Number of protein chains: 2
Amino acid sequence: MLQSLKIELIKTKKQKPAADQLGFGNHFTDHMFIMDYSVDNGWHNSRIMPYQPIVLDPAAKVFHYGQTIFEGLKAYKTDDGRILLFRPQKNIQRMNRSNERLSVPELDVELTIDVLKQLIAVDQDWIPTAPGTSLYIRPFVIATQPALGVAPSTHYQFIIIMSPVGAYYTEGVNPVKIFVESEYVRSVKGGVGEAKTAGNYAAGLKAQEIAKEKGYSQVLWLDGVHRKYIEEVGSMNVFFKINGTVHTPMLNGSILDGVTRNSIIQLLKHWNIPIEERPITIEELYEASRKGELEEAFGTGTAAVISPIGELNWQEEKLIINGGLTGELSKKLYDTLTGIQMGKVHDPFGWMVEASIVHA
Amino acid sequence: MLQSLKIELIKTKKQKPAADQLGFGNHFTDHMFIMDYSVDNGWHNSRIMPYQPIVLDPAAKVFHYGQTIFEGLKAYKTDDGRILLFRPQKNIQRMNRSNERLSVPELDVELTIDVLKQLIAVDQDWIPTAPGTSLYIRPFVIATQPALGVAPSTHYQFIIIMSPVGAYYTEGVNPVKIFVESEYVRSVKGGVGEAKTAGNYAAGLKAQEIAKEKGYSQVLWLDGVHRKYIEEVGSMNVFFKINGTVHTPMLNGSILDGVTRNSIIQLLKHWNIPIEERPITIEELYEASRKGELEEAFGTGTAAVISPIGELNWQEEKLIINGGLTGELSKKLYDTLTGIQMGKVHDPFGWMVEASIVHA
Ligand SMILES: Cc1ncc(COP(=O)(O)O)c(C=O)c1O
Ligand SMILES: Cc1ncc(COP(=O)(O)O)c(C=O)c1O
C-alpha cells in the first residue's frame, strides 16, 4: 500500500482559521487521504490529495443503508515541535471491530497508521498550538456500491480528513449539565452500540435536541432493556466517584469501548485509586448522592478529554454533583492526560506515538 | 415549489435493461429529482436533472452521523397504458414521521407527490411492463452540512431516484426460508426502529449475512428487550394465520408501519377474515405449529408485496409451515394486491393514484 501511495499536493494553501475561531470540526486541512476497495481488488489506490468533494452515485449504499464506520483521534504539537498521536493503534483496532460489526472489510492497522503519519506530515502546519487545541483526525469508511438491495456493499472508500479544533465543549473544563434520557434509547445489547457507526449518532439527535432546549448540554443514555443502567453520555463514556471508589459502566455490547475510558482506568490503577467496571443504576447514583457519597462525575472522550458533570436531571429530579464544580480528581485526570498528550507530563504507558518520523 | 421546478432533460437516453435482467435497484432511469434545504431558505431549488453523481464535502454529516431517511414505493403501467402509484401519500406521510424522528425538516406531502408525478412523466418509458416488474421509486434525504459536531444538519438534499425492478426475491412468490435471530437485535422501543432510516439497515447486515450463509434468505427479528416477541422480517412486516385468524405484531415503536401491512389488514377486514394486531411470541408460533394450528405465514413489503414463509429456524429448531408451500390466503392476497396495483382488479379502497395526469 505505502509503496504505491500517490501524493498530489495542493497548489494554493487555504488560509488557516484563528485559534479562537476553531470550534470543533468546522475547518479542514489542505489535504485528505483516500483509498478504494472492491471485492475484486481489495484495498487499493491509496492517495493523498487536496481536500475536495467526494463524488458518489445517488444510489451509493451509504446514503440508503448507512453502511459506514468512523474513528476520531487527535494529533498534538509539543512545545519542542514534535508531533504526537494519542494511542492511534487503539483507534484503528477499534475501527476494525466496527468494520467487523458492520460487514465492512478490515484495514491493515500498521499501514493505516503509516498513511495517517504521512497525511499529518503533509498538513503539519495545520496543527494548532494554543492551549486546548489540537488536530482532530477523522478516518471513515463509506459503502459506495450503487445498488438498492439490502446487503453489504461490494465497494467502499476509506477517507481520512483532519480538522484543527478548539475545545469540544465551548464551556471548556467547566462542569456540564446532563439530561438523563428516559424516553429515547441509543442502543441495546445485540445492536451496533459498541461500533462507531453513523446510525448510533443519528439515533441520538432527537433526544439531544430536546435536552438542549431544556438547557442541558448532553444526554445520559440508560440501557434499552431495563431503562435503569447507565450507558454513556453523548460522545463520552462516564465515570462516578462514590465514596472514594471510581465506578464506570462495564463494556456490555451497547456502549463504546472508549480509548479515553481505557486510559483513565489505567491512570487510576497506576495511582492506586480503586476503580470498578460494573453495571451502575441511575437510582444508585441518586441514592449515593442522598447519602453524601457521590463525590464526582465526569465524561471521557477524545473530543473533550475529561468533561466534569455538575448536574444530572432524571425525571425532573435534579442532582447537583460536587456543588456543580469541577472535582479534584476530574481536574487531576484532565491535567495529567492533556499533559501527557501535549508531551508535558511523563508518559509512563508509552501511549504517545511520534508522527513526525515518516517512513517515506 | 412546483412553480419553480426546473427541468433539464438528458441529451442521449441510456439503453434500458432487458426485463429479465432487472433485478432490484441495479438500474436507474435517465433522470432524478433534487431539492436543497438550508435553515435560512427552507426547501428550495427543485430540479429534475439527468441522473448523475452527487458531489458532497467529505465532512457532510450523512457520512458521519447517518442523518438520513428514505422511502420506497412503486409505479406500475397498466395494460391500457395508465401509470398508477400505490398509496403514495402513505409513503410521504411516513417519510415525514421518519424526518421528525431524525430531526430532518418536514416535506410538503402534496407538493412532493406532484414532483414525483412529474419525474415519472419524464421517465415513463422506463416503467417495465412484464409480469412482476414495476418502477421502484426511492425518495431520500441526506444531511449535507460539512461539520463534525454531533447535531442536526443545517443543510439537506432531498433526492428521488427510480429503478425499473423485477421481483425482489429471485425465488418469486415461492416460499422463503427465514432465520429467527437470537443474538443480534435490529431495534428497540425508544430507538429509531419505526423510522425508515439508514442505520436500521446497517444494523441488520451482519445477521443477514450469517443467515444467508446458513441457507436462509432473511432474518426474523425478535424484540430487543425480552428477545421473544416477533418484530419483522428484513424489509417486511410479518403475518401468521393461526386457526383461521390472521395475527401480526402490533405497531410498538420498534417496527416499521408498513404500507403493505396496512393494506393487507384492510383487505382482510374487507373479506371478513379475522385479523389481530398484538404482541406475538416466537414460542407461541412453535406451539401453534405443534398443535397443527399454524396454517400460513407471510411477509409484506413494497419490494416483494407478499412473500410466503415456508420455514422458520429458531435456535436450530426448524418449523415447516404449510408443508413449505405457498398458502391459499397468501396466494389470494398476492393476486389481489398485485392485481389492484396493476389496475386489473377492482380497487375498492381508492388506493391507486394516477401518475400520468401531471399538473404542469
Ligand atoms: C458514543 C461514544 N462513546 C464514547 C466515546 C469516547 O470514546 P473515545 O475516548 O475513544 O473518544 C465516543 C467518542 O469518541 C463516542 O462517540
Ligand atoms: C424494516 C422494514 N419493515 C417493513 C417494510 C415494509 O413496508 P412497506 O410495506 O411500506 O414497504 C419495509 C420496507 O419497505 C422495511 O424496510
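A charge is taken to sit over an aromatic ring if NZ of Lys or CZ of Arg is within 6 Å of the ring centre and within 35 degrees of the ring normal. In this predicted model, the charged end of A:Lys332 meets that description over the ring of A:Trp271, at 4.1 Å from its centre, and in chain B the residue B:Lys332 lies over the face of B:Trp271, likewise at 4.1 Å from the ring centre.

The rings of B:Tyr37 and B:Trp43, by contrast, form an edge-to-face pair, because their planes stand at 65° with the centres 5.1 Å apart; B:Tyr37 is buried at 17% relative accessibility. In chain A, one aromatic cluster is formed by A:Phe33, A:Tyr37, A:Trp43, A:Tyr156 and A:Phe158.

Around ligand 1 there are 16 residues, of which A:Tyr201, A:Glu232, A:Val259, A:Thr260 and A:Thr302 come nearest. A polar side-chain atom of A:Glu232 lies 2.6 Å from a nitrogen atom of the ligand, while an oxygen atom of ligand 1 is 2.7 Å from a polar backbone atom of A:Val259. The protein covers 97% of the 380 Å² of accessible area that ligand 1 has on its own.

Terms used:
Residues are numbered from 1 along each chain as its sequence is written. Chains are lettered from A and ligands numbered from 1 in the order in which they are written. This is a predicted model: local features need pLDDT of at least 70, side-chain atom pairs count only at pLDDT 80 or more; totals for chains, interfaces and linings use all residues. Side-chain values use heavy atoms; hydrogens and water are left out. Rings of Phe, Tyr and Trp (its six-membered ring) pair if their centres lie within 6.5 Å; planes under 30 degrees apart count as stacked, over 60 as edge-to-face and the rest as tilted. Buried means under 20% relative accessible area, exposed over 50%, partly exposed in between (1.4 Å probe, protein chains only). A residue is near a molecule or strand if one of its heavy atoms lies within 4 Å of it. A polar contact is a pair of N or O atoms within 3.5 Å; within protein, one must be able to donate a hydrogen and the other to accept it, and residues adjacent in sequence count only if both atoms are side-chain atoms. Accessible areas come from the Shrake-Rupley method with a 1.4 Å probe; for residues, only the protein chains shown count as cover.
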